[in-house]
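Subject: Structure handover

Hello,

Here is the structure we talked about. Please load it first, then read my notes below.

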Amino acid sequence: MITITINGKLLEVDNNHTLLTIAKHHGIDIPTLCTVDTHLNPCIDSSNDSNANKSITHSHCELCEVEIEGSGLKKACKTTPYDGMSVITESDALATHRKKVLIQLLAEDTKEYCEAPCQTACPAGVDIQSYLHHIANNEHQKAIEVIKQTLPMPLSIGRVCPAFCEAGCRRRLVDEPLAIRQLKRHTADIDLAALESYVPPRKPSKDKSIAIIGSGPGGLTCGYYLSNEGYNVTVFEAMPLTGGWLRYGIPEYRLPKAILDKEIELMCRNGMEIKTNCKIGENLSLTALSEEYDAVCMAVGASKAVGMTYPGCDLDGCYLGVDYLKDFVTEQKCITGKKVAVIGGGNTAIDCARTAVRAGAETTLIYRRTRAEMPAEAYEVDEAEKEGVKFSFLTNPVENIADTDDTNKNNWVRQVKLEIMALGKPDSSGRCRPEPTGEYITQEFNTVIAAVSQAPDLSLLDNEEIAIPLTRWNTIDCDESNMYSGIRNIFGIGDFRRGPATAIEAVADGRRAADAIAYYLDGQLDRLPHKAFTFKNDSKMQFVNPDHLTNITEVMRMLSKGKTSEQKEVKFSDAMQHILRVTAPEMTLEQRQGSFEEVERGISHQAAVTEAKRCFECGCHNRNQCALRDYASVYEIDATELSNIKQQHPIKSWL
């Protein structure tokens, strides 16, 4: 036995072992992509080793080089110690060297996407490829376990998510993207119907407590992951019931509240406690919470409606979109007239319009741009149109005109004066700017709902000692990488950080904050892991032929067998179900009239399995066990540095 020093620590070691083996034995990490032997064996290609990392192995990776005093850089896998040796395993020079090596290795070995484009497009980073694989193999328990690693609310999100993932699905380049949102919902519905729904095991209790302000999707997600880790979590909610915007802003026909209630109950099974009717500034103090708890996460949302300022906005019968939706599921003081005008082009405006239609109103949505520029999800716009919502594009309200009937004291809205707009040059949003033309029309309406924007309600901070840093948009000014405000122990997430956004983006913030808070409580916030390295090999796109679907359709129609044309068509339709996207069943238009029952129904079990099999599985299958990718993340390799990589094995087609 001899004595050496590694990173200033004196160690007694066996000089028959390599520095790499010695470091591993003493819990010192030295990057390597080869198998670590217990004896004096150098790096070897372990591609045939069943226990080795299957994603990538290298016989000369050079990552394990360390600094040896008096000798410079040496490979730890080939170097044995001598008495008095002094070794450094981490330094700026080593980091620069390892980054250069990693870029070279990635250039040699990256032949596909690290993770599927659908996962990259998902704000929460859900491992979509893996759970679709399990669904395709009828393994729904495994699928829900994968989903809940990054998304604890698949029952709700599977119903209301705008499905950014489907926009990234490569299958759409051939025919149609997978119905990822419906597949997620299907698996969650199966889990809900099970005798015992999946709940991840809670880790041993930690002597730390976290306060979360707000029980929307972001706050619940943050609390869920922290409680699973063994922390004591208390969620404070200002409203009588939990769920935030999921409950008070999304109508019943999109998200049944019984489903939301069950999902929240599942999320609380590892100890997360929720206290309702607790509002900051009234019966709760942010300052006191910051002192009482080890960390505080502010997830208060953007629940304050931003109004419009043209004449007549204060007439009776004029409401703001957020207030109208919230009132509809609470006090129902807002009166829905026979003719309703909804102003705006976002999802909140669409929800208001579809709600008013169900309340029996003849409803028109007024938007100053065209349909193509609407920020609302396209399928939501389509559903509104099918249900009878009318659209008045390129129009903008300039005055609400009062009723002249003396019985109403001239204070109830009767008409809306609209100015005709024209599209000009693109503005900062990338959409064409609406410009006034000086032409006007007047239309009859007795209810006007302005749903143009929302913002955080900062009145809750009026009497606080803590000065929360704010942006010019009145959102909390946090470090985007860890959600930390820089003030005391306070973090901020969701719409309070981003401004009005989607539920899935709030979920993404919540999970990131949970990780950050755990590191913060361990005094290691600066060591919070960065986002995983992802390489996108877009060069394969040149092999996608947009005529594939047309050709396949023609061939399959010719191959369809049957004695009659009707029999052949049935065979053809059955075969095409394995190619074309599944269509989720919905309530008929007649059934929707006056009803707030859920419009979209779940897909069948067989349809889900068939749909999941359409997945190309275009992400690397070893992406979650890839040491090369892990090190690329640790050393913050920028994927753009590999943009000139030429594919060594291009494919000819995705079919």
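A salt bridge here is a side-chain nitrogen of Lys or Arg within 4 Å of a carboxyl oxygen of Asp or Glu. One network of such bridges links R254, D351, R354, R358, E380, E383, K386, E387, E586 and R592. Bear in mind that this is a predicted model. The count by this rule comes to 41 salt bridges.

Start with R354 and E387. Their side chains meet in a salt bridge at 2.7 Å, N to O. R354 lies in helix α14 and E387 in the loop between α15 and β14, so this pair ties together parts that are 33 residues apart in sequence. Both ends are covered: R354 is buried, and E387 is buried too.

Now look at helix α15, residues 378-386. Which of its residues are buried? They are E380, V381, E383 and A384. Viewed down the axis of α15, these buried residues fall within an arc of 160°, so they line one face of the helix. Elements that cover them include α14 (347-358), β14 (390-393) and α20 (589-592). E380 and E383 are also members of the salt-bridge network. Just after α15, G388 takes a positive phi of about 110°.

**R159 and its two partners**

R159 deserves a separate look. Its side chain meets that of D189 in a salt bridge (3.2 Å, N to O). D189 sits in helix α8 (residues 180-193) and R159 in helix α6 (residues 154-160), 30 residues apart. The cut-off for buried is under 20% relative accessible area. D189 has 22% relative accessibility, so it counts as partly exposed. R159 has 7%, so it counts as buried.

The side chain of R159 also meets that of E598, at 2.8 Å, N to O. How far apart in sequence are the parts that this pair ties together? They are 439 residues apart: R159 lies in helix α6, and E598 in the loop between α20 and α21 (605-612). Here R159 and E598 are both buried.

**Helix α21**

Next comes α21 itself. This helix is mostly covered, with 6 of its 8 residues buried. Those residues are A607, A608, V609, T610, E611 and A612. What covers them includes α4 (128-136) and α8. Helix α8 is also where D189 sits.

Last, the strands. In β7 (residues 232-236), 4 of the 5 residues are buried, so the strand is largely enclosed by the rest of the structure. β7 runs parallel to β6 (residues 209-213), and 5 bridges join the two. One of the pairings sets S209 against N232 in β7. Between these strands, the chain passes through helix α9 (residues 217-228). Which hand does this β-α-β crossover have? The crossover is right-handed.

β7 also pairs with β8 (residues 273-275), in the parallel sense, over 3 bridges. There, F236 has K275 in β8 as its bridge partner. For background when you view the side chains: in a regular strand they alternate between the two faces of the sheet.

**Where to look**

Move on to R159 with D189, then to R159 with E598. Finish at β7, with its parallel neighbours β6 and β8.

Best wishes

Methods: Residues numbered from 1 in each chain as written. Predicted model: local features only at pLDDT ≥ 70, side-chain atom pairs only at ≥ 80, totals over all residues. Heavy atoms only, no water. Buried < 20%, exposed > 50% of the residue type's maximum accessible area, 1.4 Å probe, protein only. Arc of directions from axis to C-beta. Contact = heavy atoms within 4.5 Å. Pairing = 2+ DSSP bridges. Right-handed = clockwise from strand over helix to strand, strands pointing away.
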